[in-house]
Amino acid sequence: MRVPSNRAPSRSAVDSASSALAVLTVSLGTAGLSAAAARPGLLAEVDQHAAAVRDSLGGDRRPLTASALAGYAEGVRDAAREHGWQPPARSADWSEPDWLLTRLLAVCALARSLDTRPGPLPTP
């Protein structure tokens with residue numbers, strides 16, 4: 001789901017992106033982020049991937065959004081599928097995850113950080 005950078009995403013686009021990120025979090029993120037919390041090496045890899053994702057989405061110039069993260073994850077998965085990758089049929093092995101799983105886990109970590117940012121202040 002790509003949103004042109006010159007337009008604000010519609011409410012349905014934001015809902016769709018949030019839904020896509022929620023599905024990714026359920027399928028990979030929850031278990032993967034728990035594993036990363038227990039494995040410092042994996043956590044470091046996820047942090048490096050998160051920085052790369054943030055850089056590729058221009059996160060230093062504009063705030064990351066659910067739409068941008070969902071579109072990025074979709075693009076990564078689509079490219080991987082074109083090269084024969086299949087998502088894990090069962091829970092992923094987080095002892096030595098491949099590049100793709102680590103990258104998608106980084107997207108989940110970034111999405112989680114969106115949920116913890118304070119919202120806008122109410123107008124008086």
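Visitor: What makes a stretch of residues a helix here?
Guide: A helix is a DSSP run of H or I with at least four residues, numbered from the N terminus. In this predicted model, helix H1 covers residues 11-38, and Leu33 has its place there.

Visitor: Why is Leu33 called buried?
Guide: Buried means under 20% relative accessible area. Leu33 has a relative accessible area of 14%, so Leu33 counts as buried.

Visitor: Which residues is Leu33 in contact with, leaving aside its neighbours within four places in sequence?
Guide: They are Leu105, Cys108, Ala109 and Arg112. Contact requires heavy atoms within 4.5 Å. As for Ala106, its C-alpha atom is separated from that of Leu33 by 8.9 Å, and the two residues are 73 apart along the chain.

Visitor: Where is Arg103?
Guide: Arg103 is in helix H4, residues 99-115.

Visitor: How do you know that Arg103 has no salt bridge?
Guide: A salt bridge needs a side-chain nitrogen of Lys or Arg within 4 Å of a carboxyl oxygen of Asp or Glu. The nearest side chain of opposite charge to Arg103 is Asp55, 8.7 Å away, so no salt bridge is counted for this buried residue.

Visitor: What makes the pairing of the side chains of Arg103 and Tyr72 a polar contact?
Guide: The cut-off for a pair of N or O atoms is 3.5 Å. The value for these side chains is 2.9 Å, so the pair falls within the cut-off. Beyond its neighbours within four places in sequence, Arg103 is in contact with Tyr72, and also with His49, Ala52 and Val53.

Visitor: In which helix is confidence lowest, and in which highest?
Guide: Confidence is lowest in H1, at a mean of 86, and highest in H2, residues 40-56, at 96. The mean pLDDT of the protein is 84, with 81% of its residues at 70 or more.

Methods:
Residues are numbered from 1 along each chain as its sequence is written. This is a predicted model: local features need pLDDT of at least 70, side-chain atom pairs count only at pLDDT 80 or more; totals for chains, interfaces and linings use all residues. Side-chain values use heavy atoms; hydrogens and water are left out. Helices (H or I, at least four residues) and strands (E, at least two) are DSSP runs, numbered from the N terminus. Buried means under 20% relative accessible area, exposed over 50%, partly exposed in between (1.4 Å probe, protein chains only). pLDDT is the predictor's confidence in each residue, from 0 to 100. Lys and Arg count as positive and Asp and Glu as negative; His and the chain ends are not counted. A polar contact is a pair of N or O atoms within 3.5 Å; within protein, one must be able to donate a hydrogen and the other to accept it, and residues adjacent in sequence count only if both atoms are side-chain atoms.
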